[in-house]
Amino acid sequence: MSAIFQSVADFMASTGFHSITGPMVIMWVVSFVLMYLAIVKKYEPLLLLPIALGSLAVNIPSAGFYDGGWSIEGMFSPTGGLYYYISQGIHLELFPPIIFLGVGAMTDFGPLIANPRTLLLGGGAQFGVFATMFCAVAFGGFTLGEAASIGIIGGADGPTSIFTANKLAKHLIGPIAVAAYTYMALVPLIQPPIMRLMTNDKERKIRMKALRTVSKAERIVFAVMVMIVCILVVPDASALIIMLMLGNIMKEAGVVERLVKTSQNELMNIVTIFLGTSVGLTMSADIFLKPQTIMIIAMGVVAFGFSTMGGLFLAKVMNWCSPKNPVNPLIGSAGVSAVPMAARVSQVEGAKYDPQNFLLMHAMGPNVSGVIGTAVCAGYMISRLS
C-alpha cells in the first residue's frame with residue numbers, strides 16, 4: 001500500500017499542481033476578465049483574447065512552452081521553448097513595425113489630405129502623452145524612460161506603446177501593453193463622457209463642408225513626403241513610419257493587390273496572434289502583481305483622458321480662430337490613434353444630436369494624423385532618453 005501512495009506522490013510531484021501559487025490564481029482571474037471583455041463584450045477581441053490566453057499560459061506551471069523542454073533523446077534542454085523564440089518578435093522589434101504595415105495598407109489618408117488642418121487635431125491629442133509622462137515622474141516615482149513609455153498609452157496605439165517600452169522600459173512591456181490595448185478597446189466607453197463635458201449642444205450639431213476628392217497622385221506623394229520628413233526629424237521612429245507608409249503606398253498604387261491583401265489579412269492576422277500571446281506571456285504573477293502595475297493602469301486612464309481632451313480643446317481653439325469655417329469639436333477626440341474606432345465614436349456621438357450629420361470621414365483626418373503623431377512622439381522620446 002505504501003508503494004502505491006509513494007507512486008501517487010511521485011506522480012503528483014511530476015505534475016504542475018504542486019507549483020501552483022496564490023498569485024498565479026489571481027492572474028488566472030485577470031486572464032478570465034480579459035477573456036470576458038474579448039468574448040462577451042467584444043472589446044478589441046483580436047488582441048485581448050490572445051493576450052488573455054498568453055497570460056493564462058504563463059501562470060500555469062509548465063515546461064517546454066517558454067523556458068525549455070525535453071529533447072528527442074529524453075534529456076532536458078536549457079534552450080528556449082516555442083514562445084521563447086516567437087516572443088523575440090517583440091524583443092527584436094519585429095512585430096510592431098509589421099503591424100504598422102497592415103495598418104498602412106488599411107488606412108485612407110484622403111480625408112487628411114482633403115482637410116490638412118485636421119493634422120493639428122492629431123497633434124493636440126498628443127497632449128496626454130506628455131502630460132502623463134510628467135505626472136508619472138512627479139507623482140509616480142518613475143524614471144523618465146518608464147514615464148515616457150507609460151505616456152505613450154495616451155496615444156491609444158498598442159504597437160507604438162510596445163515599441164517604446166521595449167526601447168526604454170523592457171520590464172514594463174506587459175502592464176503597458178495590456179493597459180494600451182484595454183483602453184483602446186474601451187474607447188466607446190471612455191471618450192463619450194469627456195466629449196459631452198467639453199462641448200455644448202450647438203457645437204455638436206456643426207456640419208462640416210463636404211471633403212473634396214483626392215487623386216491617387218496626391219495620396220502617393222503625401223505618403224512619400226511624410227515618410228521622408230518624419231524619418232529626417234525623428235530617425236528613431238523610422239521603423240514604424242517606413243512600414244506604415246509602405247503599406248499605404250502599396251494600397252494607393254493599385255498595382256500590387258496580392259501584397260496589399262496579404263498585408264491586410266494573412267500577415268496582419270498571424271502577427272496579431274503572435275504579438276498578443278507574446279504580450280500575455282510577459283504577465284507572470286511575479287512581474288504583474290506589483291503596486292507599480294496598478295499605478296501604470298491608472299496612469300493609462302489619465303493619459304487617455306488628457307489625449308481626448310487635448311484634441312477636443314484644440315478643435316474649439318480652431319473654431320475661435322476661424323469662425324467662418326468651423327470644425328465639429330467631436331472629431332477632435334479622434335486624434336488618438338485607435339483607428340478607426342475613435343472616428344466611429346465621433347460619428348456615433350454626432351448622430352445622437354443630428355442624425356443627418358456624417359462626421360466619420362471628417363474624423364478619419366485627425367485619426368490617421370494621431371497614428372503619425374504618436375509614432376513621432378515615440379521616436380522623439382526614444383532619441384532623447386535611450
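Which residues does Val 376 touch, not counting residues up to four places away in sequence? In this predicted model, where local features need pLDDT of at least 70 and side-chain atom pairs count only at pLDDT 80 or more, totals for chains, interfaces and linings use all residues. Residues are numbered from 1 along each chain as its sequence is written, and side-chain values use heavy atoms, with hydrogens and water left out.

Val 376 touches Cys 230 and Val 234, contact meaning heavy atoms within 4.5 Å. Val 376 lies in helix H22; helices are DSSP runs (H or I, at least four residues), numbered from the N terminus. Because its relative accessibility is 25%, Val 376 counts as partly exposed, a class between buried (under 20% relative accessible area) and exposed (over 50%), with a 1.4 Å probe and protein chains only. Val 376 and Phe 139 are separated by 237 residues in sequence and by 26 Å in space, C-alpha to C-alpha.

Helix H9 spans residues 127–139. Its 13 residues reach 18 Å from the first C-alpha to the last, close to the 18 Å expected at 1.5 Å a residue; the expected span is 1.5 Å times one less than the number of residues. Buried in H9 are Gly 128, Val 129, Ala 131, Thr 132, Met 133 and Ala 136. The cover over these buried residues includes helix H10 (144–151), helix H20 (291–321) and helix H22 (360–385). After H9 comes Gly 141, with a positive phi near 75 degrees.

H22 also packs against H21, at an angle of about 140 degrees and with the axes 8 Å apart. Axes are lines fitted to C-alpha atoms, for helices over the stretch in contact, and angles run from 0 to 180 degrees between N-to-C directions. On the H21 side, the contact is made by Ala 342, Ala 343, Arg 344, Ser 346 and Gln 347, and on the H22 side by Leu 360, Ala 363, Met 364 and Asn 367.

Helix H21 (residues 341–353) also meets helix H13 (residues 187–198), where the axes come within 10 Å and cross at roughly 50 degrees. H13 and H21 are therefore oblique to each other, a class left over once angles under 35 degrees (roughly parallel), over 145 (roughly antiparallel) and 65 to 115 (roughly perpendicular) are set aside. Among the residues in this contact are Val 187, Pro 188 and Gln 191 of H13 and Met 341, Ala 342 and Val 345 of H21.

Conventions. Helices (H or I, at least four residues) and strands (E, at least two) are DSSP runs, numbered from the N terminus.
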